[in-house]
Amino acid sequence: GAVKPRKNSAIPGVTIKQFVEVIPNGCSTPDFERKPITLTLQEGKNAMFRAVVKGEPLPKVIWKRSKEEMNNPDKYQMSFNGITNEFILQINKLTSEDTDLYHCSAVNKYGEATCTTGLKVIQGRTDLKKELQDFRKMLRKRTPLPAQKEVDMEQVWQLLLNADRKDYEKICLKHGIVDFRGMLRKLQQMKKDREDKQQQYIYSVTNLKHIKVNKEGNATFHLEMDLKNPESRIYLYKDGQLINYGFNDDKVKHCLRQAGKKYNFTINHLQLEDAGVYQIKVEDVDVFSTELEADFIPVGFRHSLSEVHSHEQGNAIFECSLYSPCYDAVWLYRKHPIEESDKYKISISPDGLTHQLVIKNTQLTDEGTYTLNIRICSSSAWLEVERDAFPIWALFLSVCSESHCHLDKGLSVSAQKEKPAVLSCSLNNDQVEGIWFKDEFKVRLMKEPVIVKAGQNAMVKIPFEGRKPVRATWLMDGEELLNDARIHIDKADNFTRLSISSTNRKDCGDYKVKLKNESGTLEASLKLAVIDKPQKPIGPIEVVDSSTTGITIRWKPPKDDGGTPVQNYIIERQQVGRKTWVTLGETSRNNSTFTTNKVGQGKSYRFRVRAVNAEGKSKALESDEVMAATKAFPGPPAPPRIVSANKESITLSWAAPPKMGNSRILGYIVEKRKEGSNIWTPITDLPITDRKWMVTDLKEGLQYEFRVAAINAAGTGEASAPSDAVFARDPMKPPGRVRDLKVTNTDYTSIALAWMKPDSKEGGSAKGYKVEKRSSDSLKWTHCNTVPIGLTTCTVRGLQAREMYFLRVRAINEGGLGEAVALDTCIQAMPPIVSPKFLRDDTMKNIMIIKVGSCIRVPIPFEASPTPEAIWLKDGLPLPSRAIVSTTDGLSQLLIPSAEFSDSGLYTIILQNEWGKKESFNIPQSPGPILLQEKVPNTVTVIWEPSPTEKWESNLYYVVMKRDSNKGSWQVVGDLIYNNKFTITKLIPGRGYCFRVVAKNYMGTSDPSETVQPWIMQKEKDEFKVRLPKYRRVNQNMPPRFLVLLKPHVVTTAFDCHMSCAVSGYPKPKITWYKDGRNLSEDPTFFSTNDFGVCCLVIPGVTRRDEGEYKVEATNELGHAVSKAMLIIKGKVTLVKSLSLSA
């Protein structure tokens, strides 16, 4: 329905709009419980608007101003206070331009509530700060302070000894020293005397830091001291009185922490009485003095809240007093704010120091913890409401034992499980009071949890009544508690008490007390809550953005909030190289990110974050070094991906660039171009913030490419590579079935497939293929490749050996997946069967001769699938125990570490696979004697006796070789000969030849059979004639030609220069040198030579005048040649050496 204004807000000036006609039960439109008020403030101050809203569901609060946007997070800080339920707008460092109307809106899905407030900024005065300080001092003086102690003048002089010169005047005026010059003279003498005394125990004292008060209300001062004896005693005095201190314990009042030579003293939980002069002494020697002034001690509770006991329907009064006025304190009950009403009366004394809360007509439900929060700290106490009658949940009734008092009617119980139980009885005397018991126990229980602060003591007292003796047992989370250093259990006849000293967060939990006597048992439960400062936030601190203009960090809330909700976070910054930490600001408890623009370009910083709750600040979570980076552009993203395409639009998606520069990505520029064009045009006028976009304004049928560039605070980065080209057309049909799917190879871990492309008539063309597999014992198909394969082959890897697999392939294109085609049978993951076969080469020997004591190593390569069993035999019998046999893929090896005479013999290896096929290693025996016949001139026929191996070896063949009787190299003249003779041709008459024959099979080569005497071919002698060739004279004439050209030279002044070249020609050419066109032949300062065509020019002791172009010219009657080069002169480097001479 239409939006209707509603004007029934209880707060004047609030306008409510309703978004719906009917609001469901339990829901409501937003409204203001307290609207922000108009402010008038000085320039330079901070303004803070506070608003409290209501509505169901909880509204969202939006702040705006009339004149301009509120975009500066350092200027305008919006937060939520969970304790007071206030939405806060803080405007920092006010200027006159901040004068404006500010609008606050509370919105949920049923309506909107709006109000307006004003801010007026007036010009400040230079003495405003001083007036405020004086006003604070005046308020503090209204509270009676402890009487000032008279300071011993000796302590004042010790204070002056360690003070800075700029503080001398202030100390003298404070303590009544008027002779300033006399003071300086006395100080000079005292410093000298103190240094003399300190030399007994101390080497040096440095880095003295005077006392400072931190925000946690603790004071610290420290120094660096190098003691001669580490066992020397160190004393701490306050106003001349010796005080005790602890070591490394924040729970004691005065604490010393030592790290090497550094000594750090801490005064915890400051009170006004802690003001005074503090001195450090080593043995009896003064070392350091500093003063804690009362004005620097943060004020808190003078008298804290204390526990209150009240009867039912009575009034309970909580009261406390402060050291300084506070008019905006907040009372809390169980962490919820309390406002003045008929139930609660809140009062503050006119001076703002005394605060009182009255709880009227107290009930049992009013029991609990009440807290007064004064911003910087809080105080809590427990309200105990005492009952006027005994509990009504007893199961037995006790009456007086007088004779005239008895039960007319006994107890009657009528109850069902999970239903109310009604107990009743009647007495003969209505003047008798009855008391109800359960198992003869009358017990008073605490329904509210016991809340204590960490470090304080917790005590729980449970009174009871019952037949004695009664045994009491305390349990925590189901485990019995026993007395120890911190836990103490007391028991009396009518109560039991549990005391826990120095509580911590680990003491939180469910506690139970069991009471038992001979009549029965009773259990009482309670909760103990220990509240403390929160743990530090969970790290590490993450740098979300780092640029030249700012740094954004993020952290996680603390694992333990200390038992009270985290109110806000404090962020501090330290520039690397400096010691001071600067507070940058705060964030609300729901905001774990922070951005600061107070950074310098290229500078490094550290950040730390503290969580804050009602009990204080946590320890700091510190970051690593963070640099405010220089200006850097983002890198190129990956090429955009085509999501879908049709004739009207193409949808793209892309990923963020891996390198974002030094700031976050603000958007992207997407460009397009037609296929084959070099012109890119943007598809939008403004950057695209998403990483997906649908491109329109396309021409159907054209092919397009796209690219993307990222934008950050520095500007636009480099564009990505172009996307795949895509047509602006409607999607294609899915492809058809692949054809001729078959297995091409297998092994124990993979199966190789091959197939043919689908028929184009069955569907669209295939752009890729998907391969799927499933094991024989599964019905689920799984993908073998995540990206479609472009080829028609694929190797499926990662299989289990000897497992059976089903495989199928389907084609894919832009139209989708085609129909799957599977193999007809299940394929086993194992290699194809290969019968055992030895791999013989020339390096293998038939006979091995080994010295006694040497190692016998016989490797035999083979091929087989699967790997066969290798059996070694010696003389047909198993090997001796000393022999070691190892068989791997393709190699079996026999190893005998130390040979003996008994190891001589014939060794045989047999390969046998799992199907029973065997292969033995047999090397053929040598052929028989050789017979030579010369039936045709210049040829010889070699005939030999066959090898005995030929009888059982079908694959035996022969090789015939020859060599010159005067030379030692053998040449193969016949190979793969399967008979017993071979004819050799092209022999030279008169030359002697030797022949040999060897038998071969695939196992190896036999020993050769050779001729005994060389075979000489007879030749006829011819008439010797000598023919001399006719002499023909060589024409040597040749024009000049440079074989090596002149090269440029760079020579230092006063050094010699040698320039050379090489020239040829006939007749011998004449050589002439030139400088800048001037002939150097007659110049005596130049020296030239020509030795067998190598021409040199020497310039002794070059000067600047010798710099220029040099030319050498070679001429003869057939022509001339020229070569040129430049000579550059550089200045001389002067070296100075110091000499020390002595007479």
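Reader: What share of the contacts in the protein with a separation of 6 or more is accounted for by residues 24 or more positions apart?

Author: This is a predicted model, in which local features need pLDDT of at least 70, side-chain atom pairs count only at pLDDT 80 or more, and totals for chains, interfaces and linings use all residues. Residues are numbered from 1 along each chain as its sequence is written, and side-chain values use heavy atoms, without hydrogens and water. A contact means heavy atoms within 4.5 Å. Among contacts with a separation of 6 or more, the share of residues 24 or more positions apart is 62%.

Reader: How are helix 2 and helix 4 oriented to each other?

Author: Helix 2 (residues 153–162) packs with helix 4 (residues 180–198), their axes 10 Å apart, at an angle of about 80 degrees. Helices here are DSSP runs of H or I with at least four residues, and strands are runs of E with at least two, numbered from the N terminus. Axes are lines fitted to C-alpha atoms, for helices over the stretch in contact, and angles run from 0 to 180 degrees between N-to-C directions. Because 65 to 115 degrees counts as roughly perpendicular, the two helices are roughly perpendicular.

Reader: In the open sheet of 4 strands, what is the strand order?

Author: Two strands pair if DSSP finds at least two bridges between them. Strand 22 (residues 316–322) and strand 26 (residues 354–359) run antiparallel and are joined by 6 bridges. Strand 20 (301–303) and strand 25 (344–348) each pair on one side only, as edge strands. The pairing in the sheet is antiparallel, and the order is 20-22-26-25.

Note on methods: Parallel < 35°, antiparallel > 145°, perpendicular 65-115°, else oblique.
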